[in-house]
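Thanks for making time this morning.

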Amino acid sequence: MTALLIHLQAAGTSLVLDARGPRPPAILHWGAALGDLADADLAALAGAAVPAVPPSSLDEPLRLSTLPALAEGWTGRPAVRGSWAAGPARPAWRLAGVERPSSGAVVADLRSADGLLQVAGEVSLSPQGVLRMRHTLTNHGTGPFLLDALDVVLPVPARAAEILDFSGVWAYERRPQRAPLRDGAWSRETRHGRPGHDDPFLMMLGVPGFDFRAGEVWAVHLAWSGDKRLWAERQPLGRSVLGAGELLDPGEILLPPGGSYTSPWTVAAWSATGIDGLSERLHGWVRARRGPVPPRPVVLNTWEAVYFDQSMERLRGLVDAAADAGVERFVLDDGWFTGRTDDRRALGDWTVDAARWPHGLHPLVAAVHARGMDFGLWVEPEMVSPDSDLARAHPDWLLGPPGAATWRHQRVLDLSSGAYEHVLEGLTALLREYPIAYLKWDHNRDLLQEGAAHRQTTALYRLLAELRGRFPHVEVESCASGGARVDLGVLDLVDRFWTSDSNDPLERQRIQRWTGVLVPPEHLGSHVGAPAAHVTGRTSDLSLRLATALFGHAGIEWDLTTASGEQRLEVAEWVRCYRRLRPLLHTGTVVRSGGDDPDRLVHGVVAADRGAAVYALVTLRASGAAIPPPVRFAGLDPDRRYTVRPLPLGGPPRTVQDRPPAWLLDGGITLPGRLLAEVGLPAPLLAPQQAVVFEVVAA
């Protein structure tokens, strides 16, 4: 086999892979770009990377491969675990060949010493500097192979000594948590049959103190909508790694002779400029994969407006109020189908309720279309109520044994059964009868069934793909009790995430801030709720609610018929503003203030050509200083001049000041980008729970 030292380089990132064999390839470097290296330089690097041999260790230097195993001296978590009928398999892997399907990709053919197992390891580096890896394991033995784990393990340097990942609960997702990396493994596992509200989401390992704008950081995300694990591990041997893989239950993957299993993609990125640098790479990669998206229409969702109180009479006024405000998509939420008067019944019976809608949904759709909006509909296809015609007719389609626990008074449909065709044809019938442009696809409970997550997730992906093939014009939102299924695996099949069930703008500020590290804002639904938030009961000014919902795929979840005339005018002006700014908001670079300040947040989006930007200053609580720090406008071209002006939304924010900063008295100011980014401008003294938005335009 030809000796290979491979250097992949893109967007300031380098990956150097030693695939000379006979052992599995090893990543010699993943991080800052190394420039154009001659073959001799790569050979010298590979030679220099051989470490010393410490006392009481293997007699050969430890070489951490892309498939680390006990046989090579790695006593951390191995990449492959499984067993034959006779006992556990602990293969010693050997490199059988290397392919280069493109200039940015490598596929390594690895075989166990006994020839019974084969792993194809795929590695690629995108033009944005995003690394992707996955493995395919094939059983060449004569008996079945029980696979326990097939994971991606990536080395990181010792200076990456601080972990940041996420936890959360319903309506409070993506809560960051930090810790130093110590000897051993920091391992996060989710067993929900979906990523869950406590999803680790994006595990970062960086130099201590890294923040949004500074510090080296490495990160991994598993592009998968089922059970998963992410971990960071430091071994006393002197090696640190980040790992990711599907979390498999015992017996979940049994490979017959000739059978194969392909792991989900692990998506990884490195940044020298903090968390925002990760976002710039990841957002650019997502956008390049999906291609240009149509303008994200302003949505009105009926859930927090009317709940289950549905009828043509009840909704006619809301349709008109939405259209008057400039809404472009009207979405009918839960409660439209047969017998669905509350959340305890009728899931699975996907026919329009004749009592509430004697003429079907046609009159409502006609009214929506007459006012220039398209029509969307809520569904929860993976679930069934025990009190439903479907459950009574097909108890064998319910996941789990008879009498299994309900959650939100519902069970899960086993999509590996006849339920798959039932759901597919039921949704097909709806989409053929009604001109539906959008499905809000909900998933309101954990599976709570061992051995089901893999088959349920793969069936979901197949179902979504088949529906998208039949109805390519229909957009789909992934909602899972809010934000419990937000990942890059399902994003290949949906257009939008419902970021959280909380519309409280104060909670949403942090939820959107951290969810947006991975997912571009155009894919994150963000709605203006009622003055009193449904989940928290907290009352918020309209200006804060509008400023919060602006920075995403904007919408409304509020009964506008109850709003005052002045409020409706302010909402209409906000819609016009969003529609004007969305080309910038949904293609630009997201920037954030350096730290996670408990008092205030500063965030914005800078146009790709850096000719304009929009920023928000949000106060979370009373300031710890009488005069807070200036607002710094990150991401601008340092050599261009910009005019900064406040952008009124929903009336002026409340302030606690005798006089505003001088520059605001003049209505704005023009300064060089370098000054605005490094020095900043004095901030207005906002009261707690207030926001002000600034529009910045190159002079």
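I will go through the ring pairs, then a cluster, then the charges over rings.

This is a predicted model, in which local features need pLDDT of at least 70 and side-chain atom pairs count only at pLDDT 80 or more, while totals for chains, interfaces and linings use all residues. Residues are numbered from 1 along each chain as its sequence is written, and side-chain values use heavy atoms, with hydrogens and water left out.

The structure holds 16 aromatic pairs, where rings of Phe, Tyr and Trp (its six-membered ring) pair if their centres lie within 6.5 Å, and planes under 30 degrees apart count as stacked, over 60 as edge-to-face and the rest as tilted. One of them joins Phe337 and Trp350, whose ring centres are 4.5 Å apart with the planes at 50°, so this pair is tilted. Both residues lie in the loop between β23 (329–332) and α5 (362–370), so the pair ties together parts that are 13 residues apart in sequence; helices (H or I, at least four residues) and strands (E, at least two) are DSSP runs, numbered from the N terminus. Phe337 and Trp350 are both buried, meaning under 20% relative accessible area with a 1.4 Å probe and protein chains only, against over 50% for exposed and partly exposed in between.

Trp574 and Tyr578, by contrast, are stacked, at 6.5 Å centre to centre and 25° between the planes. Both lie in helix α11 (residues 565–585), 4 residues apart, or about one turn of the helix.

Phe166, Phe201, Phe212 and Trp514 form one aromatic cluster.

Finally, the charged end of Arg462 sits over the ring of Tyr420, 4.0 Å from its centre, the criterion being NZ of Lys or CZ of Arg within 6 Å of the ring centre and within 35 degrees of the ring normal.
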